[in-house]
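Biologist: I am new to this one. Please show me the structure, and then we can go through it in short questions.

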Amino acid sequence: MTILCVRFQLPPTSEADLPHLLGVLEEFTPVVQALPPDGALADLRGAERYFRRDAVELASVIRVRSLALHGVDCVIGAGPGPMLARMALRDAVPGVTCAVSGEPDALAEFLADKPVAALPGVGAATARTLGDYGLDTLGRVAAAPLSTLQRLIGAKAGRELREKANGVDRGRVVPNAVSRSLATERPFGRDELDPDRHRRALLSAAEEIGARLRALEKVCRTLTLTVRYADRSATTRSRTLTEPTAHSPALTRAAYGMYEALGLQRARVRAITLRAEGLDPADRAAHQLTFDPVDEKVRRIEEVADRARAKFGPRAVMPGGLGGRAA
């Protein structure tokens with residue numbers, strides 16, 4: 001068991017604390033993949049040799065350090081690969097690491113009775129198609145002829161599904177730069193139903209992200225939106241931008257697009273978080289010239305507004321949509 005999947009028990013409005021918590025994992029291994037809004041994968045193969053402890057023992061230390069340094073408990077699953085660690089996480093509880101052994105018999109026993117939808121990457125439509133033919137558990141999928149699975153869901157998908165149902169985990173932990181990302185949150189004083197107030201929060205968050213990026217002379221390639229609801233569930237969506245940018249209107253359009261795609265109707269929203277990811281130096285980013293005088297004017301105004309905020313404070317210049325009331 002060399003891979004940990006960790007879910008931090010963050011309060012509903014504390015996604016911005018995730019980079020600090022990833023630092024706890026990075027004390028043990030540099031191979032850490034963030035899973036916003038509150039999780040991460042960590043490859044501990046090198047750490048097991050260095051500390052002479054197995055992954056479960058190291059998980060206990062990570063949990064204690066997370067609590068001691070940040071006051072945040074965590075739930076941890078461990079397995080021989082990322083897929084199995086994610087599945088183990090679903091059976092874990094705070095204080096006890098759920099570990100999946102790599103031994104064939106133990107692995108088969110762990111997977112046998114789990115529903116097909118428990119496999120990461122298997123959607124509702126695929127699970128429904130397999131269920132119509134009685135292949136509703138991983139044990140039954142593992143025992144099914146490969147030709148049957150390929151006929152039902154396709155050649156490549158059928159082969160991959162059968163491998164996963166038999167515990168073959170070809171995934172790997174891919175370190176990413178979320179610890180160098182920027183995030184900002186907009187919690188509501190009460191569970192908010194009004195879409196207009198949701199959009200005001202998005203506008204405010206995008207303006208802040210843009211200003212912070214420009215102050216750091218950075219641009220971002222990806223924007224991630226997390227909407228947290230009254231029942232403590234959350235929806236996360238990411239969008240790769242047309243070009244790396246720190247331009248607030250472009251970030252706002254992307255945020256609005258992700259929000260509208262959710263199709264929320266009378267949703268009781270508790271908090272909205274925006275995260276800028278894939279940060280690069282601004283002087284290395286290409287910008288497609290539009291020869292649009294309006295766009296050029298907006299960018300010049302943005303530069304002037306940034307100078308005014310630096311001198312007189314962040315609320316010295318605000319979009320008209322945020323005037324009058326704090327967002």
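Modeller: Just after α10, Glu217 has a positive phi of about 60°. Helices (H or I, at least four residues) and strands (E, at least two) are DSSP runs, numbered from the N terminus. This is a predicted model, where local features need pLDDT of at least 70, side-chain atom pairs count only at pLDDT 80 or more, and totals for chains, interfaces and linings use all residues. Residues are numbered from 1 along each chain as its sequence is written, and side-chain values use heavy atoms, with hydrogens and water left out.

Biologist: How far does α10 reach from its first C-alpha to its last?

Modeller: Helix α10 covers residues 195-215, which is 21 residues. The expected span is 1.5 Å times one less than the number of residues. For α10 that expectation is 30 Å, and the model is close to it, at 30 Å.

Biologist: Which backbone nitrogen does a side-chain oxygen of Asp194 reach at the start of α10?

Modeller: The oxygen comes to within 2.9 Å of that nitrogen. The nitrogen belongs to Asp196.

Biologist: How many salt bridges does a search of the whole structure find?

Modeller: A salt bridge is a side-chain nitrogen of Lys or Arg within 4 Å of a carboxyl oxygen of Asp or Glu. One network of them links Arg186, Glu208 and Arg212. The search of the whole structure gives 12.

Biologist: How many residues apart in sequence are the parts that Arg268 and Asp191 tie together?

Modeller: Arg268 and Asp191 form a salt bridge, with the closest N and O atoms 3.1 Å apart. Arg268 is in the loop between α11 (248-262) and β9 (269-281), while Asp191 is in strand β6 (residues 182-192). So the pair ties together parts separated in sequence by 77 residues.

Biologist: Which strand holds Arg270?

Modeller: Asp191 also meets Arg270 in a salt bridge, at 3.0 Å, N to O. The pair links distant parts of the chain, 79 residues apart. Asp191 lies in β6, and Arg270 in β9.

Biologist: Is Glu192 buried or exposed?

Modeller: Buried means under 20% relative accessible area, exposed over 50%, and partly exposed in between (1.4 Å probe, protein chains only). Glu192 forms a salt bridge with Arg197, the closest N and O atoms being 3.2 Å apart. Arg197 is partly exposed at 27%. Glu192 has a relative accessible area of 11%, so Glu192 is buried.

Notes: A polar contact is a pair of N or O atoms within 3.5 Å; within protein, one must be able to donate a hydrogen and the other to accept it, and residues adjacent in sequence count only if both atoms are side-chain atoms.
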